[in-house]
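Work through the exercises below with the coordinates loaded. Each task is followed by a stepwise solution.

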Amino acid sequence: MGKPRNEYLPWLIAGLVFMAVLLFVGWHFRERLENPAQPLAFKASRADLVGRMQLDLASASEAEKSAVLAITDQDSQTYADQARASTAQVVQEQHGLSALLANGGKPTEQDLLSQFSKVFDDLQRIDNEVLGLAVKNTNLKAYSLLFGPAADTQAQMDAALARVVTKYADFADAKQVLPLAYGARLGVLRIQALLAPHIAEESDAKMDQMEASMTQEEKQIRQDLSGLAGLSKLASDRDLSTATSSFAQYDELKARILPLSRENTNVRSLALSLNQKRKAMTVCLDALNALKQEILSEPIAGVTTYGRVAKPR
């Protein structure tokens, strides 16, 4: 057989090059099909970020609840700082996941992350309000004043008036002393009894009613004390002076308690935490779970399952 003629040589070379390209492309795709390590790693990194977001979101929620339920300013602030730190971690992980999805994630995954971002913004707004209220602890401070200094002052006044009753029980004008002294004693007890539910009350209208009742009681107490002071035998009585000064101190303490009660930060933060925060948290976790399931459902050639339980045959 003779040598190939020169005019066929370029076609022969072109054919060899074409075959080489086909072999290279075939080998490249065969390697990708046989080695799923890279797509597996990409899937794992996305699923891991979503998992960390779920954990940090739960950590932030637990810390927020602890801040709401804490009984000291220091503890409330500590837990509030922990909640904010965990939320900041979620934000950082959210940005990291967004970058990953922009470089290879499916459009459905990007849409689900966008949905989460919207509800997460709402959750952060509620969190900021809850934590801002929780660290003030105005209701707890009001209770502390009520059952501490105010209760002590009321007890001092009551004891002083009890001594007045004892001293003048056998005198001719006892019929005047006893009603006035007992009236003042009972009046302060009624105010004390109204202050506790006032601190726990959410409704401004109901607090208005309680304060109106307190004002009436105060007016009657002052009349009773003035009536006792108008009696000649009690004009310079030390116990009556003690009762009168104790009531003045009690009234000052009440004036400090009512604004704290009105601010209602513990009551408001707890209501927000149990209602709006809980609902927003559920929506956020549902959104993250949907995103995670979407990532885990992505098929990878050569891998039967990833993150899902294989169905039995």
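Buried means under 20% relative accessible area, exposed over 50%, and partly exposed in between (1.4 Å probe, protein chains only). The model is predicted, so local features need pLDDT of at least 70 and side-chain atom pairs pLDDT 80 or more, while totals for chains, interfaces and linings use all residues. Residues are numbered from 1 along each chain as its sequence is written, and side-chain values use heavy atoms, without hydrogens and water.

**Exercise 1.** Classify Ser59 as buried, partly exposed or exposed.

Solution. Step 1: locate Ser59 in helix α2 (residues 37-69); helices are DSSP runs of H or I with at least four residues, numbered from the N terminus. Step 2: the relative accessible area of Ser59 is 37%, so Ser59 is partly exposed.

**Exercise 2.** Determine how the axes of α6 and α8 are oriented to each other.

Solution. Step 1: take helix α6 (residues 174-200) and helix α8 (residues 238-263), whose axes come within 10 Å and cross at roughly 15°. Axes are lines fitted to C-alpha atoms over the stretch in contact, and angles between N-to-C directions run from 0 to 180 degrees. Step 2: angles under 35 degrees count as roughly parallel, and α6 and α8 are therefore roughly parallel to each other.

Notes: Helices (H or I, at least four residues) and strands (E, at least two) are DSSP runs, numbered from the N terminus. Angles under 35 degrees count as roughly parallel, over 145 as roughly antiparallel, 65 to 115 as roughly perpendicular and the rest as oblique.
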